[in-house]
Amino acid sequence: MFRRKHGADVNSDDAEQREAKISELKAALGTLSARGEKYCSEACLRRYLEARNWNVAKSRKMLEESLKWRAAYKPEDIRWPDVSVEAETGKMYRASFRDREGRTVVVMKPTKQNTSSHEGQIRFLVYTLENAIFSLPEGQEKMVIKIFLDPKSVEKVNFVYQKDEESMKVMYKYIDPEVLPVEFGGKSNVVYNHEEYSELMIQDDIKTASFWAVDAKTNHANPAINGTLVPEVAPQSSSLAAKAS
């Protein structure tokens, strides 16, 4: 990863400055809906500030765009029955194991694609990522996405895959082989079972609905982020690759 060199707006080691920036960003957002308040937790504000080098104005713009999208798309209202058909082949799911740091792991298998609806695929992706984030342990702010590609695709990218010894060393550095399924180069015999996964997601839906249920104030005070129009999502082709050093 490469980052542009520029001066930080806050000393990252100064807790007092960080807290002041978080308070400033919260005030800049104005009055939010109940769901907006839940989304904009202190940890969330901190992530947006870190992403914009603690520049409040830039962080506010980025966060307002997120809030506008969420108000329009309503990712917290997507439920398992809405997307379950997309999951029948196990092309993407939240793994039953975590990495060595306790992070949630999302597995993606593009070769198991089973539908042609772009809108349905996007909703399934959004649902899976929202669910994975919601399932993170208390205090954990990161998760792992592992994509398994076919051999021809593997040749085109730097990726972690089973038949390469050095590649698997990278995998084992982050995930204990005892909990990693055999199909991914580990020792666990756990495999994706659609019926069992569906039961898990239905139970998670109950928790999700409960968490987002209270929303007495529907709109944000700032009309610019109320998301009255559903955003258009243009299809994009991209290759996701990861190789840790």
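The protein chain has nine helices and three strands, where helices (H or I, at least four residues) and strands (E, at least two) are DSSP runs numbered from the N terminus. Their order along the sequence is α-α-α-α-α-β-β-α-β-α-α-α. This is a predicted model, in which local features need pLDDT of at least 70 and side-chain atom pairs count only at pLDDT 80 or more, while totals for chains, interfaces and linings use all residues. Residues are numbered from 1 along each chain as its sequence is written, and side-chain values use heavy atoms, with hydrogens and water left out.

Of the 245 residues in the protein chain, 38% are buried; buried means under 20% relative accessible area, exposed over 50%, and partly exposed in between (1.4 Å probe, protein chains only). The accessible surface of the protein chain is about 15400 Å², with 51% of that area on carbon and sulfur atoms. Accessible areas come from the Shrake-Rupley method with a 1.4 Å probe, and for residues only the protein chains shown count as cover. Among contacts (heavy atoms within 4.5 Å) in the protein chain with a separation of 6 or more, 67% join residues 24 or more positions apart.

## Helix H1

Helix H1 covers residues 15-29, a run of 15 residues. From its first C-alpha to its last it reaches 21 Å, close to the 21 Å expected at 1.5 Å a residue; the expected span is 1.5 Å times one less than the number of residues.

Arg18, Lys21, Ile22, Leu25 and Leu29 are the buried residues of H1. Seen down the helix axis, these residues fall within an arc of 100°, so they line one face of H1. The arc is that of the directions from the helix axis to the C-beta atoms. H3 and H4 are included in what covers the buried residues of H1, whereas Glu16 and Ala27 are exposed on the other side of the helix.

## Loops with positive phi

Most residues other than glycine have a negative phi. Trp54, which is not a glycine, has a positive phi of about 65°. Trp54 sits in the loop between helix H3 (42-51) and helix H4 (56-73), and counts as buried because its relative accessibility is 6%.

Lys74 also has a positive phi, near 55°. Lys74 lies in the loop between H4 and helix H5 (80-83). With 39% relative accessibility, Lys74 counts as partly exposed.

Strand E1 (residues 92-98) is mostly covered, with five of its seven residues buried. E1 pairs with strand E2 (residues 104-108) in the antiparallel sense over four bridges; two strands pair if DSSP finds at least two bridges between them. Within this pairing, Tyr93 has Val107 in E2 as its bridge partner.

The two strands E1 and E2 form a hairpin with five residues between them. In the turn, Gly102 has a positive phi of about 80°.

## Cysteines

A disulfide is taken as a pair of cysteine sulfur atoms within 2.5 Å, and by this rule the count is zero. For Cys40, the closest cysteine sulfur is that of Cys44, 5.0 Å away, which is too far for a bond. Cys44 is likewise in no disulfide.

Both residues of this pair are covered: Cys40 counts as buried at 7% relative accessibility, and Cys44 counts as buried at 0%.
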